[in-house]
Amino acid sequence: MATDSESQIWKPDSWQTRPALQQPHYEEARKLTAALAELAKLPPLVTSYEILQLKSQLAEAQAGKRFILQGGDCAESFEDCQGPIIAAKLKILLQMSLVLVHGSKKPVTRIARIAGQYAKPRSEDTETRNGLTLPAYRGDLINRPAFTAKDRRPDPGLLLRAYERAALTLNFLRSLAKGGFADLHHPESWDLSFARDTPLEHDYHHMTANIGEAVRFMENILGVRAAEIERVDLFVSHEGLHLHYEQAQTRRVPRREGWFNLSTHFPWIGLRTAQPEGAHVEYFRGIRNPIGVKVGHQTSPETLIRLMDILNPNDEPGRLTFIHRFGAGRIASGLPPLIRAVQQTGRPAGWICDPMHGNTFLTSDGIKTRCFEDILAELEQAFDLHAAHGSHLGGVHIELTGENVTECTGGARGLTENDLKVAYRSEVDPRLNYEQALEIAMLLARKLARMS
Ligand code: PEP
Ligand code: CO
């Protein structure tokens, strides 16, 4: 029987009747209304055609025929909306995806956490330093990181600035993906110096040599330029956190039923806002995009089923993907009950492992970090646990950057807690750097090859 939440008529603003967590408080309501009105008139960033194409690819991943690589910054920053930084992110995603194709022998869909990943949930509303208390930094969509009253005040004008930067980012990404990026498919140009003199050095070189051969085969024998086949296959995603912003992008399109969020292909609901009766679930229920929901040890099997009832009542393949994030020490006990709960319904849902957010800790110096080995351990367990329960993992969700930062410890270069001070740039969560991200892909590819 339909409960209140399902029987209520959905509208782009019906979320406003529900408790909305993690929303900023704007002091000037008129400015907010004006910014949203302007936002609602601006052209979309993506099309319904692309959105539905991704939905069918997610359905294939759910059926074990495809693998999803979702990756990018924890939070994009306005400052990093720069050509070389964006190109470096696309480069690492492309290289990781080629490595994963090689290991899994399946097509890999790339979904970047980019072109809109500007809003962050925070555990505290305020931050206190030296006796001064200010609103917490919630991402460049909302306020600015500097610790001054002016910077931390939520500013509706930033909604427009963020949308414009998302458009600039996507514009450049699309051009890069369309052509001129072909050399990245040639693993001879990849930087594997991090693995020098490590036990896996030979394996990594062997893998890139094989990928190189495959690319050359395709180009020389089949006559397809590697860059050309990439054209359609880059999707974008962000956490659908700021509901006024998401609502302003929610549109109807000619000749299709329903409503689409046209600011991104694959929005997801964060762990902190995934309450079945909350505003975020209400908003997401009515859009036709494929959607993700973060789940973890906080999520009961009953809640999971309730989310399936509300968010995918018609059992549409590819519509709903659970992105699980437990931590390396908790996944073995936490994941199986959720897998079983979904299996008992006999209904479709996809699974992606986020091995980042359950593995964050503070060093003795108070630096937020993650350890490469924990990330790998959670991923490896995720593959094994799904396989052992007759389910399968359709993809991975990684926080990474193409830059040479030092935010996570470990990996072949053996970064230590002391190294974190060298190049720690994230305002929020620590990311794998270029080398660590490539190495994770290579280790996963080895695992996938062993499993197939
Ligand atoms: C994130 O993906 O950056 C995030 C905040 O994750 P979660 O909602 O899983 O904590
Ligand atoms: Co994060």
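Which of the 13 residues around ligand 1 come nearest? In this predicted model, they are Arg-113, Lys-120, Leu-271, Lys-294 and Arg-325.

Now look at the oxygen atoms of ligand 1. One of them is 2.9 Å from an N or O atom in the side chain of Arg-113. His-357 also places a polar side-chain atom 2.9 Å from a ligand oxygen. For Glu-399, the distance from a polar side-chain atom to an oxygen of ligand 1 is 3.0 Å. How much of the ligand does the protein cover? On its own, ligand 1 has 290 Å² of accessible area, and the protein covers 98% of that.

Next, the space itself. Ligand 1 takes up the largest pocket. The volume of this pocket is about 720 Å³. Two elements each give two or more residues to its lining: strand S3 (126–129) and strand S12 (361–362). The biggest share comes from S3, with three residues.

Step back to the whole lining. The largest pocket is lined by 30 residues. Pro-121, Arg-122, Lys-368, Val-428 and Asp-429 lie nearest the centre of the pocket. By class, the lining holds ten nonpolar, five polar and 15 charged residues.

In the lining of the largest pocket, 15 are charged. Arg-113 is one of the residues that come nearest to ligand 1, and its side chain has an N or O atom 2.9 Å from a ligand oxygen.

How values were computed: Residues are numbered from 1 along each chain as its sequence is written. Chains are lettered from A and ligands numbered from 1 in the order in which they are written. This is a predicted model: local features need pLDDT of at least 70, side-chain atom pairs count only at pLDDT 80 or more; totals for chains, interfaces and linings use all residues. Side-chain values use heavy atoms; hydrogens and water are left out. A residue is near a molecule or strand if one of its heavy atoms lies within 4 Å of it. A polar contact is a pair of N or O atoms within 3.5 Å; within protein, one must be able to donate a hydrogen and the other to accept it, and residues adjacent in sequence count only if both atoms are side-chain atoms. Accessible areas come from the Shrake-Rupley method with a 1.4 Å probe; for residues, only the protein chains shown count as cover. On a 1 Å grid over the protein atoms alone, a cavity is a set of points where a 1.4 Å probe fits but cannot get out, and a pocket is an open set with protein on both sides within 12 Å along at least five of seven lines; lining residues have an atom within 4 Å of a point. A molecule sits in a cavity or pocket if more than half of its atoms lie within 2 Å of its grid points. Grid points are joined across faces, edges and corners, and a volume is the space filled by probe spheres set on the points. Helices (H or I, at least four residues) and strands (E, at least two) are DSSP runs, numbered from the N terminus. Ala, Val, Leu, Ile, Met, Phe, Trp, Tyr, Cys and Pro count as nonpolar, Asp, Glu, Lys and Arg as charged, and the others, Gly among them, as polar.
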